[in-house]
Amino acid sequence: MALTFGNRDEGFGSELVCPNCGSSHLHQKIVDVYERHEDARTGLHAQIKDNKSITDANMTENPSPRRQGMLIHFNCEECTTSPTLKIFQHKGTTYMDFQ
Ligand SMILES: [Zn+2]
């Protein structure tokens, strides 16, 4: 699902908007970071949630099929959607999209 942006403020950047309702009131709830060497089956996964962090070697939710990736899980203040932003590298290019 393509990303859509609202207003741009030079001091902050562009507003990321909800893919369902268009609201810019998205709250970050969980962040997952995946680090691994190219094509490695395991690596380092770190998750930050509710002021706590965990780490393991689980790559099953990594949005990159071969390299590093990141997931940011949001809740929308204006609708019931909980979109997840994925950022990952594939063949030397970095991609961003909602899952
Ligand atoms: Zn929404």
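This is a predicted model: local features need pLDDT of at least 70, side-chain atom pairs count only at pLDDT 80 or more; totals for chains, interfaces and linings use all residues.
Biologist: What is the order of the strands in the open sheet of six strands?
Modeller: Strands are DSSP runs of E with at least two residues, numbered from the N terminus. Two of them pair if DSSP finds at least two bridges between them. Pairing in this open sheet is antiparallel, and the order is 5-4-3-6-7-8.

Biologist: Which are the edge strands?
Modeller: An edge strand here pairs on one side only. The two are strand 5 and strand 8 (93-98).

Biologist: By how many degrees are neighbouring strands of this sheet turned against each other on average?
Modeller: Axes are lines fitted to C-alpha atoms, and angles run from 0 to 180 degrees between N-to-C directions. For this average, direction is ignored. The value is 15 degrees.

Biologist: Which residue is the bridge partner of V31 in strand 6?
Modeller: Strand 3 (residues 26-35) pairs with strand 6 (residues 69-76) over eight bridges, in the antiparallel sense. The partner of V31 is I72.

Biologist: And which is the bridge partner of I30 in strand 4?
Modeller: Strand 4 (residues 44-49) runs antiparallel to strand 3, joined by six bridges. The partner of I30 is K49.

Biologist: How many residues of strand 5 are buried?
Modeller: Buried means under 20% relative accessible area, exposed over 50%, and partly exposed in between, with a 1.4 Å probe and protein chains only. Strand 5 covers residues 52-56 and is hardly covered. Among its five residues, the buried count is zero.

Biologist: Which residues are the protein donors of the zinc ion?
Modeller: Donors are N, O and S atoms within 2.8 Å of the metal (3.2 Å for Na, K and Ca); water is not among the atoms, so sites may look incomplete. Here the SG atoms lie 2.3 to 2.4 Å from the zinc ion. They belong to C18, C21, C76 and C79.

Biologist: Why is the arrangement of the four donor atoms called tetrahedral?
Modeller: Four donors count as tetrahedral if all angles lie between 85 and 135 degrees. The arrangement qualifies because the angles around the zinc ion are 104 to 113 degrees.

Note on methods
Residues are numbered from 1 along each chain as its sequence is written. Side-chain values use heavy atoms; hydrogens and water are left out. Helices (H or I, at least four residues) and strands (E, at least two) are DSSP runs, numbered from the N terminus. Four donors count as tetrahedral if all angles lie between 85 and 135 degrees; four count as square planar and six as octahedral if opposite donors are over 155 degrees apart and all others between 65 and 115; anything else is irregular.
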